[in-house]
Amino acid sequence: MLSKTTLWARKSGIPLLAGMALCVMTHVPALAAELPPGTIINKANLDKVMNDTFQGKTIKSMLLPSQEYQIRNWALQMKLRKTYLHPQSKGFIAATKKYQKDVKFDPKTREVTGYKAGMPFEIDPADKYAGDKVIWNYYYAHQGGRTQHVPHSWLLVNADTGLERRQDWLWLRLYMKGRLENGGAKPVLDETIVSKTLFFVTAPYDLRGIGLFTIRYDSPKLEDSWVYVKSVRRTRRLSGGAWVDPVDGLDSLYDEIWLINARPSWYTSWKLLGKKTIFVVANSKMDWVKGATTPEQEFPLVDLKNWPHWNPSTVNEWEPREVWEVEGVPPSYHPHARKMVYAHTDPNDPTVYISEGYDKENKLWKYIQYMLGPLDKTNAGQHRAGNVIPSTSDDEAQSLSITPMGVYIDFKRRHASHHYCRLWDVSATFGPDKVTLGALEAAGK
Amino acid sequence: MGKITASGSCLNRVPFLSVLSLLLLPFFCTPVFAEEGAERPNAFNLGGYIRTWAQMNLQDEKATKENDRWDFNMLRGSILLDADQKIDKTPIGPVSFKVIARLDRELMTNYLRRLQDLSRSGINQLGGTGGPGDNMKEDIYDKAEIREWYVDMAPFERLQLRIGKQQVVWGETDFFRAMDVVHGYDYRWRMFMEPENEELRKPLIMLNARVQVPELGGSLQLLLRPGFDRDKDVGNTYDVNGGRYSLSSLKGLDFNSFLKNGLKAADGSYLVPPNTQIVAYNKRHPDGDVNDPTYGVRWAGQAGPISYTLNYLKTFSNDPVENTTTRIAGYPLNGVEPANGALIELIHPKIDVFGLTLNGYVPLVDAVFSTEVVFTRDQPYNNQIDPSSDIVSTGIEQAMGFPPPYDNFDFYIPGTTGGGVIKKNKLTTMLRMDKTIALTQQLLGTSKPGFFSVQMIDEWILAFRKNENIIDLLSFGAPQREHSTMLTSILALSYRNETINPMLAFGWDMSYQGTFFFPSVEFVLGNHWRARLEANFFFNQHEKWSDAERPATHPIGLNPRPNETSAHLMDYLSNNDSLLFRLTYQF
C-alpha cells in the first residue's frame, strides 16, 4: 500500500518531473556534445549538431548564415579538423616590426602611405577605421608569395548539369612592394607600383592567349589593364572601370579575384563589425592529379560528381579560426550592394578566407571561399608531388597561405567557377621585365 | 594551275607532305588539354581545330541566269594544327618551336559552278580563259600550307627573338588598317568579315627582336624581313577571278585569264599575241620586289596614363596598283613594261610608313580612347587622265579596225585609262572610343556589361589635286576624294557566362555613302564546340552597273558601257548579302 506521501507525490506529478529530469540528464549531454575531428556536418545532421561544440564553441555560433544556407539548400558538407596555426614567417614579423611605424592612414582619403613591407597595421577594434585597416593589411601584405607563378584551371559548373567547361589560365604576379629583406633584397622595387600581373588563358584553343596585363599603382587611381585579343593578335586597353566587371566567362568579378582585388579606398566604406570564430579551410593541400582520365579524378578537391557539382569535397577539412568580420560598401556602380569579408585576426597573418556579395535587396548573391593552405619549405612535401615549388629563399617565406582551390558561387545563376591550382611556384626569380605588355603579347603566340 | 602567277601557284609538294604528316599526328599522340604541359619540362603541345563554313546568298547575282538567292556560295572545311615544342635547357636558355599548318577544302556549290562557267566562257568577248576562275576549287579555295613556323628564344637578358614565318600586328584600328600593314591579306575565301583576321593574314619570314626596357617603361621591337618569302605571300590578294568575293559586277570575270587566240590588228598582225595574260601579278617589279628586304622598328611605351607606340616600317603597299602595257595604252605609265608580256600587271610598290598610336583611359567618361596617326610616304595610286575615256578598249578597238566611238568592248580598268601610277603621301587618322555599358545587364539581361566601340578613320591624300583623277579601286572608275572617311561601330554582348555572344558590327562610308551591317552570334558549347551564325548586309548608294544598264545575260557584255564614276567601297560590295553558319571543333 502506498503511503500518503507517495500518493501525494504521484498526484503532484513528481515521477513525471523525475522522468523529465532523467530524460534531460541523458539527452542534454548529447545536444551539447564536443564533436570529434572528422565529423561531417551536412543537411541530415545539421539540426542535431547545431548545439554541439567543436573546440569548445557551438557549431551554431561558428557557422556563418551563408554556410548554414548552403548546408540546408545546396548540399554542402563540412568535415571538421582541429585548428592548426602555422608558425609565422620570421622575415615577415621582422619587417612588420621594422616598417609598421612608418605606415600612415589618412582618415580623409582613407588612403595609406609609407608602406614598405610586413603587416601595415595592428588592428584595434575600437578604431573607427579598423575595417579599412583590415582590408589594407590584406591589400599590401597579401599571401601567396611575392612572386607568384601559378598555372591553374577554371572549372565552370552548372548546378543542374555539372561541369560545363574548363579553362586553363596562368597567373603571374610580381609584387613591387612588401618584399622581404633576406639575402639583401630590397623591400620595394618600385615606389609607385604595388604589383604587376599577367593573367591569361592557355587553353582551350580559341581562348589561348587571351588575357590581361595589369599594373596596380600605389595610388587611388584605377589600374591600367590591357587585354590581348587572340583573334586579331593585338592588345587592347581596358576601361579602368572594368574592375567591377566579370572576368571573361567566369563567375568572378575582377574585384573578386583573390576575394578582394580592389584598392580599399575604392569602396565607400569598410566597417569592422566584430570578431568571431568561423569554419574555414586553412590547411588544404595542392591536389591536382596530373594525367587523370576524368575531371572528377583530376580535381579531387571539388565534388564534381554530386549535385550541385560545385561544393568542396570532403578532402577539404574545415577548422575554426578567429576572424575579423568586415562589411564593405562598394560604389553604386558595383553589382553588389554589400560585401562581407572574413579575415584572420592573427596580427601577422592578413589572410582573408571568405567573402560574400549581397544584391541591392540584401540577398546573398555570391559566396566566395578560398581553400587555403600553408606553403613553406617544411611542408612542401605534403602536397601531391610536383604541385608546389616553395621559395629557395626566405625572402619568399611570406607565402604563408596559398590557394589550392577557390570557389565562386553565384546563387542567382545557379552557377559556379572554381579556380583550381595545378602548380604553385614562388621560386621564380623573374623581375619586372618579365611581367610586361610585351610578355602578354608573346604569350598569345 | 601553275602557269598563271606566282601568287596563285600550285601547292608546294614539300609543305603539303609536312601538312599531311602533321594531320596524322593526332592519331599517334593523344591531344591534351593544351597547356597542361605549360608546367611540364620540355613540353610539347598540340592544339587546333576542325572547322566548317556554310554560307548562302541572300540576294540574286545578276551575272548568272539562274536565281542564286538561297544558294550556297561557300561550303568549306579546314583543319588547323598548332604545335609547339619547348626545350628548356639549351646554351642560350629555353627555346621553343612553333608550327601552324592549315588544310582547306571546299565543295563546289551550284552557285560557284555558275560563276566558274562564266569565267570559262571568256572575258569580255575577248576569249580570256585559263585563269584561276576556270578552276576555282583547286586554284582559289583549296589550300594546304604551313602557315607559320618559327623559333622563340631569349639569348640575352631582356632580349626576345622570334625567327621564322610569323605574324606581326601593329596598330590599333579595327576593320581597316593603317599601321597594321606588315602583312598582306588573302581576301579571296572570306572578305574582312572573318572574325579571326589571323586566318586571312599572310605570314612572312622575319627576324623579330624585342628588347624590354623597363627603366623607360617600354620595349623596342625590330623587324627584318630578309626577302625569302614566296611571291604570293606579299601584298593583299583580292578575288579578281570572278569568285564569290569578286566585287559587284565582276562575278564570273577572271582578270587573270589568258587571251588564248590573241588579238589581231586590222592588218592581220598580232596586236596581242596568243596566250597573253590579261592581268598578272608581278612581285618582282623594280618598285616592289619581294626579294628586297624590308624592315621596321617600333617603340612601345607608357607615358603616365597613356600607352603609345612609335613605328616606322619599310614595306610594300598591300593594295596593288596596276601597271599597263604601253603597247596598247600608248601612254607612258611608270616606265616599265609588264612582266611576262601581260597586258596589265599588278604591282606592290614599296612605301615608308611612320605611325603613332596612343591609348588611354579617361575616368571622367569611363572610356578608353585610342588614336592612330599614320603618315605614308609614296603611297601608289592609279589615276586616269581622262575619266570619260577607256583608253585600253579604245586602243584595242582602234587597232582591230573598229569604227568610232570605240565602245564595243567594256574593258574599263582604271589605270589602263591613261594615267598610270601616281605616288602621293597620305595621312591616315583613326580615333576610337571603347566603352563598357553596364546598362545592358538591366535592359538586355547580359551576364556582363556590353562592349561598345565606335571608330572613325580618315584617309587624307596630301597635296591632293582633283585633276590628277586618282581612282578609288582597280576596275572601278570613281575618283577618290581628298578625304575618305569611314565610321564603324561594334556592340558585343554576352549571356550565360559568355556562352552566347551576340555582336552587331556596323559601318558607314561617310564620304561616298553606303553602309554595312553584320549581326552575329557565337555559341560556346563546352570545351570543344563553337557555333557561329552571322549575316552580312551591304547597303549601297551607287552601282557600277545599274540594273537598267546591266546586260540581261552577262555583266561582261558589249554596250552600253557603264558609268563608273560613282561606285565606291560599299558599292563594290553590293549584292553580296549572305548568311553564314560556322561550326568548329577545337582540341
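Mentor: Start with a definition: two strands count as paired if DSSP finds at least two bridges between them. The model is predicted, so keep that in mind throughout.

With that rule, look at chain B. Three of its strands form an open sheet in the order 4-9-12, and the pairing is antiparallel. Strand 4 (128-129) and strand 12 (276-277) of chain B are the edges. Each has a single partner strand, so one side of each is left without a neighbour in the sheet. Take the contact between strand 9 (residues 258-259) and strand 12 of chain B: the two run antiparallel and are joined by two bridges. That number meets the cut-off of at least two bridges. One residue pair to find on screen is Leu259(B) and its bridge partner in strand 12 of chain B, Thr276(B).

Asn275(B) sits in the loop between strand 11 (270-272) and strand 12 of chain B. Its phi is near 60°, a positive value in a residue other than glycine. Most residues other than glycine have a negative phi.

Go forward to strand 13 of chain B. Here is another open sheet of three strands, in the order 13-19-18, with mixed pairing. Its edge strands are strand 13 (279-281) and strand 18 (321-324) of chain B, and each pairs on one side only. From one strand to the next, the twist averages 30°. Strand 13 and strand 19 (residues 344-347) of chain B pair in the parallel sense, over three bridges. Within that pairing, Val279(B) stands opposite Ile344(B) of strand 19 of chain B.

Next, the surface of chain B. Phe523(B), Leu525(B), Trp529(B), Leu533(B), Leu579(B) and Phe581(B) form a nonpolar patch there. Together they have about 510 Å² of accessible area. The patch draws on strand 26 (515-525), strand 27 (529-539) and strand 28 (578-586) of chain B, each supplying at least two of its residues. Leu525(B) belongs to strand 26 of chain B. Its relative accessibility is 45%, so Leu525(B) counts as partly exposed. The cut-off for exposed is over 50%.

Of its 587 residues, 60% count as buried. The chain exposes about 22,500 Å², and carbon and sulfur atoms supply 62% of that area. Take the contacts in chain B with a separation of 6 or more: residues 24 or more positions apart account for 67% of them.

Finally, some backbone geometry in chain A. Trp258(A) lies in the loop between strand 12 (234-237) and strand 13 (269-280) of chain A. Phi of Trp258(A) is near 60°, which is positive, and the residue is not glycine. Trp258(A) has a relative accessible area of 5%, so the residue is buried; the cut-off is under 20%.

Two cis peptide bonds deserve a look as well. Most peptide bonds are trans. One joins Ala203(A) and Pro204(A), with omega about 5°. Pro204(A) is in the loop between strand 9 (193-203) and strand 10 (211-217) of chain A. Another joins Trp307(A) and Pro308(A), with omega about 0°. Pro308(A) is in the loop between helix 8 (295-298) and strand 14 (317-329) of chain A.

Technical notes: Residues numbered from 1 in each chain as written. Chains lettered and ligands numbered in written order. Predicted model: local features only at pLDDT ≥ 70, side-chain atom pairs only at ≥ 80, totals over all residues. Heavy atoms only, no water. Patch = residues over 30% accessible without salt bridge, like charges linked within 9 Å, V, L, I, M, F, W, Y side chains within 5 Å. Areas by Shrake-Rupley, 256 points an atom, 1.4 Å probe, with all protein chains shown as cover. Salt bridge = Lys/Arg side-chain N within 4 Å of Asp/Glu carboxyl O. Helix = DSSP H or I, 4+ residues; strand = E, 2+ residues; numbered from the N terminus. Buried < 20%, exposed > 50% of the residue type's maximum accessible area, 1.4 Å probe, protein only. Axes fitted to C-alpha atoms, helices over the stretch in contact; angles between N-to-C directions. Contact = heavy atoms within 4.5 Å.
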